[in-house]
Amino acid sequence: MNWKKSLTNTLKKAVLSSAVLLLFTNIAYSESLGEPEKEELKFGFIKLTDMAPIAIAYENGYFEDEGLYVTIEAQANWKVLLNGVIDGSLDGAHMLAGQPIAATMGYGTKADIITPFSMDLNGNAITVSNKTWQKMKPNIPKMADGRPVHPIKADSLKPVIEALKSEGKPFKMGMVFPVSTHNYELRYWLAAGGIHPGYYAPHKGDSSGTIDAQALLSVTPPPQMPSTMEAGTIHGYCVGEPWNQQAVFKNIGVPVVTDYEIWKDNPEKVFGITAAFAEKYPNTTVRLTRALIRAAKWLDDNNNANRPAAVKILSQSNYVGADYDVIANSMTGTFEYEKGDKRDVPDFNVFFRYNATYPYYSDAIWYLTQMRRWGQISTDKSDQWYKDLASKVYRPDIYVKAAQSLIDDKLISASEFPDFANETGFKAPQKHFIDDIVYDGNQPNAYLEKFSIGLKKGDKL
Amino acid sequence: MSSTTVKITSLTVTEQVMTFVKAKLNTLTNALLLPVVGISIFLFFWSITAQSIHTSLGEFPGPKAVVEQFSSLYVEHKTEREKAEAFYQRQEKRNAAKLAKNPDYVGKIRAYTGKETFVDQIFTSLITVTCGFLLAALIAIPLGIWMGLNKRLNLAINPIIQIFKPVSPLAWLPLVTMVVSALYVSDDPLVSKSFLTSMLTVTLCSLWPMVINTTMGVSSIGSDLVNVSKVLRLSTLTHIQKIVLPASVPMIFTGMRLSFGVAWMVLIAAEMLAQNPGLGKFVWDEFQNGSSDSLARIMAAVVVIGFIGFLLDRAMLQLQRKVSWDKSSVNV
C-alpha cells in the first residue's frame, strides 16, 4: 500500500512541478497577443471522432495555456448545436462546413457565423445494411483474392434500387443534416453512379430534398444512425466515425465507400463562432485558434504517433464514448469495410497535414456549388457572389494571426503552414473525385455545367 | 408441593421466553430474511435471463457487470476529483503570475471545467427535484387550502386541474424550454437555464396531485371541528392555523408523497429529453455512446434512480409521521 501512495505522491509532484515550470518559462502563453477578453468559454460538439482537436486542446492544456477556461459539452444534434451558438449559450462549436455558410446565406436559420479554423479532412463513410450489401455485392468487380475492388461505385447499387422500385418500395438513406458534408458526399456518390438523390426547392417551401429522387435521403443524428438502420427505417447512411465502424462491430451493416475515395482530402468539419463573437473578443478568438492549431498538430505529429493516446481520450464517455477498438479502427490509419476486410487508409482522418487547418475559400465555394447543384440555392449566382460569400464566412485572416504568433513563439515552424505571403485561399484545381471531374474554385459556374445530374445555369424548379 | 409450583412457574417462564423469541424471530424473518430471499431470487433470474438476451452492444448486463460498473464509476469520480484539484492549483499559479505582472489584477477562481461524474449527476438531480418540488408545494398547498375552504373557487378551478393533471412532462418540456430561454436573459445568471427548465417541468407536473389532495383534505374536515371554530369566532388565519392545517395534514402529506414520486420520475425524463445535467442525461449519453459498457452503466443508473426514489419516499414518510397528530393515519 505504501509504495502505491509514495508513487502517486511522486507522480503528483512531478505533474505539479512540470506545471510550475511551464508557467514560469511561459513557453506557451503568447505575450504579444494581449489578454483574452473572455476567459470562460463553452464549446459544443457532436459525438464524432473529428471533434478530436477540441478534446485534445482541452486535455493537453492548450486552452489553459492561452488563459482560456473551456467547458466542452456534447449536443443532441446539429440543429441544437447551431442554435446554441446563435443564441450565445455556446461560444463556439464543432460544425459541419456547410453550417456557417448556410447560416450566413440565410438557408435555414439566418445568422452571421464565421470560421477561422478548419478542423479536419476526410473522415466519413457510406454504410449500407447487410441486406442491401448482399444484393449489391454480385454487381461489384472482384480482385484476385475475392475482395471487392475499391472504390465501390454507386453503379452497383442502382440495380438494387430498381428492383425495390419494381416492388413498389422506396430506397431510403440517412444523412446528418441538410447542409452537411455527408448530404453532399452521399448525393455526389449516388449521382456519380446515375442515381438521382433529389432536389430541394426552398422558394416553394420544399426542404425535404426529394423532388425527382430515386433515393430518399432524410436526417438522422449521427449517434442514432446504427440503431435507425438496425430498425429498418433506412437502408444505409453517410456519417462520420465511429458510426460506420460501429455498424461493422455490431454486425448490422457494411461500409462501402469512404469520402476519401469520393473526393481525396475533402474538407470536413470547421470550428464555428458568431461574427459578433470574433468582433467583440478578438484576442480570445485568436487564442482559441492557436490552441486548436496546436491540438491538430499534436494529432498528426510523427506520422500519427499520438493517435492511440487520442483514441483513449475520445473513448471517454464525456467525449465520443464508443469503445476504444471501434474508434481506433479508423483513427489509427486503417478502415474496416466488410467484416474482416480491413484496409490501410492512412489519410482517413487528417487533422493537420496538407494544410488541413487553413480555411480555404475554395472549400467554402465547393459547398456552395453543391447547394446550387441540389437546389438549396434556387437561382443562378455569379462567380463573384460565390467568392464574396466564401470570404465572409471563411476567415484566414484570423488563422494567419494565430499561426504567425505560433511561429514567432517557436511552437510550430513556418514550413508547416502555407506560405502566407502568397496564399490566395484557392487550392489548385482538384482532380481526385470518384467521377474524375476536376474542381476549380475560381469557376464555380463552369464546374456546375460538368455534372450530368444536377441543376445548371438557368435551371429553376 | 412447592417444587411443582416452581416447576410450573419455570415452565411458564420458558414458555414466555420461547414465545418472545419466536415473535422476535418472526419479525426478523419478516423484516430481513424474506426481502433477502426475494432479492436473491430476483438476482438469480436476472442473471439467467441477462445471459440469454443478446443485443448489438453485447449481452444484456447481469448483476455482476452492474456491480463492476459501480466500482468503475467510482474510480472515474475519484480521478476526476484529482484532475479538478490539479486544475485549481494550476489556476492559482496562473493567477499569481498575472498578479505579479499586473498588481491591479483581480484574481478569479473559476469552477472546474471538466466533466460531471456519476456522483455529481446524482446530486444535480437531487437538487433539481427538491427545488422543483418545493416550488410546487409553495404554490399547491396554499392554493389547495383556499380551494378547500371556498367551494365556488373549487368549482371554478377544478376543471383546469383535471385537464392539466394527466399531461405528460414531455409535452410541457418544449414550451418550458422556449419560455425560459425567452424570459430568462441575464449576463451573469444565478442558475443555469437548463436547471430552470428541468425544475419548472418538475414543478408543473408535481403541482396537481398536491392541489387535489390538499383540497380534499381541507374540504373533508369534520363539521364538529368547523363548528368549534365558529363558536369560538376564530379569525380566518387562526382557523387555518389551529383547525384546518392539523386536521388536513395527513391528506396534504399523502399528496406530497405522491407528488414527490411523480417529480422524481418526471425529472429523469426531462433531463433525458432536454439534455439537462443529471441522471437522465447520464442515461441518454450512455445510450448514445453505444460502448460495450453502456448497457451496464445504464442499468447501474436505473438501480440508483430506483434506490433514490425509494429513499425519498421513506424520507417523506418519516416527515409525515413527525408532523401528524394522528399517527394511525400514516400508511406505509
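**Exercise 1. Describe how helix α14 (residues 307-314) of chain A packs with helix α15 (residues 324-331) of chain A.**

Step 1. The axes of α14(A) and α15(A) are 9 Å apart, and the angle between the helices is about 140°. Axes are lines fitted to C-alpha atoms, for helices over the stretch in contact, and angles run from 0 to 180 degrees between N-to-C directions. Helices (H or I, at least four residues) and strands (E, at least two) are DSSP runs numbered from the N terminus.

The model is predicted: local features need pLDDT of at least 70 and side-chain atom pairs count only at pLDDT 80 or more, while totals for chains, interfaces and linings use all residues. Residues are numbered from 1 along each chain as its sequence is written, and chains are lettered from A and ligands numbered from 1 in the order in which they are written.

Step 2. Because the angle between them is about 140°, α14(A) is oblique to α15(A). Angles under 35 degrees count as roughly parallel, over 145 as roughly antiparallel, 65 to 115 as roughly perpendicular and the rest as oblique.

Step 3. The crossing of α14(A) and α15(A) is right-handed. A crossing is left-handed if the near helix is turned anticlockwise from the far one by less than a right angle, and right-handed if clockwise.

Step 4. From α14(A), the residues R307(A), P308(A), A310(A), V311(A), K312(A) and L314(A) meet Y324(A), I327(A), A328(A) and M331(A) of α15(A). Two residues are in contact if their C-beta atoms, placed from the backbone, lie within 7 Å.

Step 5. Sorted by class, the contact of α14(A) with α15(A) has 8 nonpolar, no polar and 2 charged residues. Ala, Val, Leu, Ile, Met, Phe, Trp, Tyr, Cys and Pro count as nonpolar, Asp, Glu, Lys and Arg as charged, and the others, Gly among them, as polar.

**Exercise 2. Carry out the analysis for α16(A) and helix α17 (residues 383-393) of chain A.**

Step 1. The axes of α16(A) and α17(A) come within 9 Å and cross at roughly 120°. This makes α16(A) oblique to α17(A).

Step 2. The handedness of the crossing of α16(A) and α17(A) is right-handed.

Step 3. On α16(A), the contact is made by Y361(A), A364(A), I365(A) and L368(A), and on α17(A) by Y386(A), K387(A), L389(A), A390(A), S391(A) and V393(A).

Step 4. The contact of α16(A) with α17(A) has 8 nonpolar, 1 polar and 1 charged residues.

**Exercise 3. Which strands make up the open sheet of chain A, and in what order?**

Step 1. The sheet has 5 strands in the order β2-β1-β3-β13-β4 of chain A, with mixed pairing. Two strands pair if DSSP finds at least two bridges between them.

Step 2. β2 (69-74) and β4 (113-118) of chain A are the edge strands, each pairing on one side only.

Step 3. On average, neighbouring strands of this sheet are turned by 35° against each other, direction ignored.

Step 4. Strand β3 (residues 92-96) of chain A and strand β13 (residues 269-274) of chain A run antiparallel and are joined by 4 bridges. H94(A) has F271(A) in β13(A) as its bridge partner.

**Exercise 4. How is chain A divided into domains, and how do the domains touch?**

Step 1. Domain 1 of chain A covers 31-121 + 267-422, and domain 2 covers 124-265. Domain bounds come from an automatic or database domain assignment.

Step 2. Taken over C-alpha atoms, the centres of domain 1 and domain 2 of chain A are separated by 25 Å.

Step 3. The contact takes 40 residues from domain 1 of chain A and 31 residues from domain 2 of chain A.

Step 4. On the domain 1 side, α5 (98-105), α15, β14 (334-336) and α16 (361-373) of chain A each supply at least two residues. α15(A) gives the most to this side, with 4 residues.

Step 5. The residues of the domain 1 side divide into 21 nonpolar, 11 polar and 8 charged.

**Exercise 5. Locate the cis peptide bonds H150(A)-P151(A) and E241(A)-P242(A), and the positive phi of N251(A).**

Step 1. Most residues other than glycine have a negative phi, and most peptide bonds are trans.

Step 2. The cis bond joining H150(A) and P151(A) has an omega of about -5°. P151(A) is in the loop between α6 (130-136) and α7 (158-166) of chain A.

Step 3. The cis bond joining E241(A) and P242(A) has an omega of about 5°. P242(A) lies in the loop between β11 (236-240) and α10 (243-250) of chain A.

Step 4. N251(A) has a phi near 65°. N251(A) is found in the loop between α10 and β12 (253-258) of chain A.
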